[in-house]
Amino acid sequence: MEEEQSPGVSREPTTSPGPVPEVECKHEDGVENPEDPESTSTGNGNGISSLEQPLLKRSTTLTASHLAIVGAKVSHIESLDYEIIENDLFKHDWRSRSNVEVLQYIFLKWAMAFLVGLLTGVIASLINLAIENISGLKMLHMVNLVREKRYWAGFFYFAGLNFALTFVAALLCVVFAPTAAGPGIPEIKAYLNGVDTPNMFGAPQLIVKIIGSIGAVSSGLDLGKEGPLVHIGACLANLLNQGGEGRWRLRWRWLRYFNNDRDRRDLITCGASSGVCAAFRSPVGGVLFALEEVATWWRSALLWRTFFSTATVVVVLRGFIEVCRNGRCGMFGEGGLIIFDVSDVTVPYHVGDLLPVTVVGVLGGLLGSLYNHVLHKVLRLYNLINAKGRMAKLALALAVCVFTSAGLYVLPFTVPCTPCDPAFGEACPTVGKSGNFKQFNCPAGYYNDLASLLHATNVDATSNIFSTGTSGEFRLDSLLIFFAIYCVLGLFTFGIAVPSGLFLPIILMGSAYGRILALVLDRFVHIDHGLYAVLGAAALMSGSMRMTVSLCVIFLELTNNLLLLPVTMFVLLIAKTVGDAFNPSIYEIILDLKGLPFLEPKPEPWMKDLTVGELAAAKPRAVTLQVVEKVSTIVEVLRSTSHNGFPVLDRPRPCVSELHGLVLRSHLVAVLKKRWFLPEKRRTEDWEARERFSSTELAEKAGKIDDVELTPEELDMYIDLHPFTNTTPYTVVETMSVAKAVVLFRSCALRHMLIIPKFQGPEISSIVGILTRQDLRAHNILGAFPHLANKRKAH
């Protein structure tokens with residue numbers, strides 16, 4: 001793909017656009033081949049194991065030729081044009097719009113937000129109902145076989161059905177949509193940061209994500225549907241913004257207003273928040289999740305639209321819950337949502353509770369950072385396995401499925417049966433339905449507490465372990481086994497080729513250790529054990545994902561109990577503080593692992609010691625164009641570079657050069673394709689360009705320069721770049737620090753930043769250089785300025 005300009009890139013012909021071959025192919029730009037003995041630990045003279053080496057060999061120079069792992073392929077990554085291109089055509093288009101057209105544009109933005117919420121809510125409800133019914137029927141028949149003492153038949157039925165469901169989910173991901181595997185949240189986060197992640201939000205990804213989520217979650221794998229729901233919401237937003245995809249794309253006139261990266265970004269933000277809302281029935285939490293975790297650029301108008309989308313989702317979910325309340329949607333159909341209503345539970349506060357609550361927070365931070373560290377190593381290992389091809393990916397997913405099925409089926413046999421307390425009434429034991437007291441292999445009047453947790457969907461297991469007034473319901477040894485098996489499964493399940501989310505596995509692990517602490521510290525505990533499970537889940541999520549505000553509101557909306565707010569805030573702050581002391585959040589680790597060029601909100605301290613002028617001086621001179629340029633020159637520049645933007649200079653008189661603005665590569669290709677050429681070198685009138693072009697037309701992806709074939713006569717003609725040049729690009733003086741430039745670049749969602757000299761003069765160039773995302777990344781800067789590495793270590 002054509003990249004934004006970075007003068008540090010040599011003028012070599014670019015590779016063909018689109019994803020490059022699978023990772024197992026040795027890429028000329030430094031993609032490591034795991035099968036090559038010279039790139040593994042056996043051939044590494046430094047003795048560094050393959051699990052410690054980066055998945056992609058990064059360049060140590062300032063360069064815009066960037067590669068990242070997207071799905072199953074290594075792709076060339078380019079940035080998005082979130083900045084408004086204020087050229088003459090755009091200004092005329094806005095001035096000529098009537099009040100009716102402006103109101104139509106505003107109405108359509110809200111209509112799009114409504115449709116995103118509506119469709120996300122409907123799809124999420126259908127996914128929930130499908131998972132609940134498939135899992136319910138599977139568990140019911142398996143338990144019946146166990147009660148008949150047909151243990152091997154029960155195992156093969158349970159494992160075989162799980163195997164088939166996992167096979168369907170993995171096959172869809174491996175063959176049809178590799179980018180649908182995983183949660184999709186890191187890629188959404190990168191997209192909203194300004195990184196174009198190819199093949200992430202199309203119709204194949206949406207369909208595979210829906211079907212794959214149903215199969216993967218129903219198969220009993222230790223994963224959730226929350227991350228996939230966020231990805232589903234983003235896919236819906238992208239497809240609505242474009243009017244469809246491929247042959248099914250609608251060419252409606254009103255869709256032209258949304259044919260730009262800026263509006264697409266806002267709608268995908270609405271989709272991401274709608275997905276979180278659909279997963280947790282948390283409208284405010286969904287908005288805050290988008291604000292705190294995934295969105296880079298935010299404004300008040302976007303806040304209102306995301307809230308409107310999540311409110312629509314809640315109405316749809318509530319409607320499905322009411323329809324399914326009387327069993328009209330299957331066995332366990334109440335929507336399959338995590339609903340933990342403890343509004344009637346009193347939360348007493350004692351000074352003695354500070355110690356165990358603090359321990360919950362500290363352990364959440366420690367365990368969360370440890371989970372991130374180990375998962376990082378596991379994902380590196382999985383990358384080496386997945387790089388061997390499709391069969392290896394499929395075999396890995398099925399192997400994890402078999403291991404999971406064996407563990408879930410066998411472990412409940414290892415714990416003794418617990419007699420039912422008469423206070424439980426007819427609810428104990430639970431037979432033929434979901435509940436806290438699964439009879440499983442126990443005689444009448446007894447229940448298996450571990451089976452109540454393992455032989456249930458993740459949602460039912462969460463409801464069981466969160467239940468209040470059950471301090472003696474779960475044995476300590478059962479909780480330890482449950483915590484251990486879900487830690488192991490959580491580490492080895494995430495990363496296989498199926499749609500998966502991290503929320504539910506982490507919630508289950510955290511709730512287990514919360515209950516364990518409540519049992520161990522029972523003498524000091526005054527809060528209900530079920531509420532300790534809630535605090536443990538919140539602490540572990542904060543320790544791993546490093547979210548605070550959005551998590552606090554999500555758990556508040558789940559519990560419906562304001563009395564939990566102070567202690568939840570206390571636990572979240574402790575867990576995040578402890579976790580930050582060890583490593584980044586899990587999503588930041590995945591972003592770095594995939595090589596996605598994400599710009600962090602806070603620049604590193606040593607960047608204050610370097611100016612943008614010094615950064616530009618470390619690179620070759622920028623490639624510039626004249627305001628009226630020869631066709632042959634433009635064609636040569638486009639074919640010999642992969643830059644996406646070119647500074648345009650004007651020479652009003654000899655020896656004087658002025659910066660006129662910046663012209664995009666896509667606009668130049670569009671002009672060449674339409675052959676808007678001049679026989680002589682002159683500036684055109686305003687109406688001449690408007691007759692052939694419009695700002696909405698230029699927003700279309702123009703394609704490649706290789707598709708343009710010109711005659712020798714046309715190459716000798718000229719193009720007037722005045723109508724297409726953005727005359728108000730962001731410029732900074734050469735004495736600005738790189739730290740300040742990073743903040744400006746990220747805050748304004750830029751793709752290019754021009755550097756101008758501090759002093760102007762007849763013999764001084766009007767432009768020092770141009771900065772892009774790659775030039776402002778820490779490892780690229782350190783490659784060009786090695787002496788700064790010592791300052792980085794000092795800080």
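This is a walk through a predicted model, from the whole chain down to some of its side-chain pairs.

Let us begin with the overall picture. The chain has 795 residues, and 59% of them are buried. Its secondary structure amounts to 28 helices and 14 strands. If we take contacts between residues at least 6 apart in sequence, 78% join residues at least 24 apart.

Among the buried residues of H3 are Phe155, Phe158, Leu165 and Leu172. The cover over the buried residues of H3 includes helix H2 (99-147), helix H5 (203-218) and H11.

Aromatic residues are our next stop. Phe155 and Phe158 belong to one aromatic cluster, together with Tyr151, Trp152, Phe156, Tyr409, Phe413 and Phe440. Across the structure there are 20 aromatic pairs. In one of them, Phe90 and Trp94, the ring centres are 6.1 Å apart and the planes stand at 65°, so the pair counts as edge-to-face. These two residues are four apart in helix H1 (residues 88-96), which means that about one helical turn separates them. Trp94 is partly exposed, with a relative accessible area of 38%.

The pair of Phe413 and Phe440 has ring centres 5.1 Å apart and planes at 55°, so it is tilted. Phe413 lies in the loop between helix H11 (390-410) and strand S5 (418-419), and Phe440 in the loop between S5 and strand S6 (446-447), so their pairing ties together parts that are 27 residues apart in sequence. Phe413 is partly exposed at 31% relative accessibility, whereas Phe440 is buried at 3%.

Arg265 lies over the face of Tyr82, 4.5 Å from the ring centre. Likewise, the charged end of Lys674 sits over the ring of Phe693, at 5.2 Å from its centre.

Now for the charged pairs: the structure holds 19 salt bridges. One of them joins Arg305 and Asp266, whose closest N and O atoms are 3.5 Å apart. Arg305 is in helix H9 (residues 300-324) and Asp266 in helix H7 (residues 261-280), so this pair, 39 residues apart, links distant parts of the chain. Both Arg305 and Asp266 are buried.Another salt bridge brings together the side chains of Asp775 and Lys619, at 2.8 Å from N to O. Asp775 is buried, with a relative accessible area of 0%, and Lys619 is buried too, at 8%. A further salt bridge connects Arg675 and Glu714, with the closest N and O atoms 3.2 Å apart. Arg675 is in the loop between H22 and helix H23 (686-690) and Glu714 in helix H25 (residues 712-715), so the bridge ties together parts 39 residues apart in sequence.

Our last stop is Leu668, found in helix H22 (residues 665-674). Leu668 is buried, with a relative accessible area of 3%. Leaving aside neighbours within four places in sequence, Leu668 is in contact with residues including Leu625, Phe646 and Leu721.

Notes: Residues are numbered from 1 along each chain as its sequence is written. This is a predicted model: local features need pLDDT of at least 70, side-chain atom pairs count only at pLDDT 80 or more; totals for chains, interfaces and linings use all residues. Side-chain values use heavy atoms; hydrogens and water are left out. Buried means under 20% relative accessible area, exposed over 50%, partly exposed in between (1.4 Å probe, protein chains only). Contact means heavy atoms within 4.5 Å. Rings of Phe, Tyr and Trp (its six-membered ring) pair if their centres lie within 6.5 Å; planes under 30 degrees apart count as stacked, over 60 as edge-to-face and the rest as tilted. A charge sits over a ring if NZ of Lys or CZ of Arg is within 6 Å of the ring centre and within 35 degrees of the ring normal. A salt bridge is a side-chain nitrogen of Lys or Arg within 4 Å of a carboxyl oxygen of Asp or Glu.
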